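User: I would like to go through the fold and the packing of this protein step by step. Please begin with the overall architecture once the model is shown.

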Amino acid sequence: MEGRFAAFIIWASMGVLFIVMGIYDFHSKKEKPFGFWANAEVAPIEDVKGYNRALGILWCVYGVLFTFIGLPLLGGQNSGLIMIPILGALLISIAAMAVYVIGIESKYRKKK
């Protein structure tokens, strides 16, 4: 019983970290664009403030969805519902990458 709660608390803590990162990006006053990809240079951005706001919204939505799909961890032992967090995390991560590349980066990237 306690293991289920511990697993969900750890899962939800990760979701909260994504939300906090999104809030930080959203309210940032920095003139430097935040990166989405790990250890990669950010492409030249026209509207840095708009880009950071859009990225902050993306991270907040991702964090809320990530926490929500972790609810089946509270279910009983040997439940098939464990597939929801596993596959859900994969699917929302792919969706976040697609939203970033198709929506955010293409909108705010400097045109040549």
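User: How many helices and strands does the protein have, and which pattern do they follow along the sequence?

Analyst: This is a predicted model, in which local features need pLDDT of at least 70 and side-chain atom pairs count only at pLDDT 80 or more, while totals for chains, interfaces and linings use all residues. Residues are numbered from 1 along each chain as its sequence is written, and side-chain values use heavy atoms, with hydrogens and water left out. Taking helices (H or I, at least four residues) and strands (E, at least two) as DSSP runs numbered from the N terminus, the protein has three helices and zero strands, and the pattern read along the sequence is α-α-α.

User: What percentage of the residues is buried?

Analyst: Buried is defined as under 20% relative accessible area, with a 1.4 Å probe and protein chains only. Of the 112 residues in the protein, the buried share is 35%.

User: Which residues does Tyr 51 contact, leaving aside its neighbours within four places in sequence?

Analyst: Contact here means heavy atoms within 4.5 Å. With those sequence neighbours left aside, the partners of Tyr 51 are Pro 33, Phe 34, Phe 36, Val 42, Ile 45, Tyr 100, Ile 104 and Tyr 108.

How values were computed:
Buried < 20%, exposed > 50% of the residue type's maximum accessible area, 1.4 Å probe, protein only.
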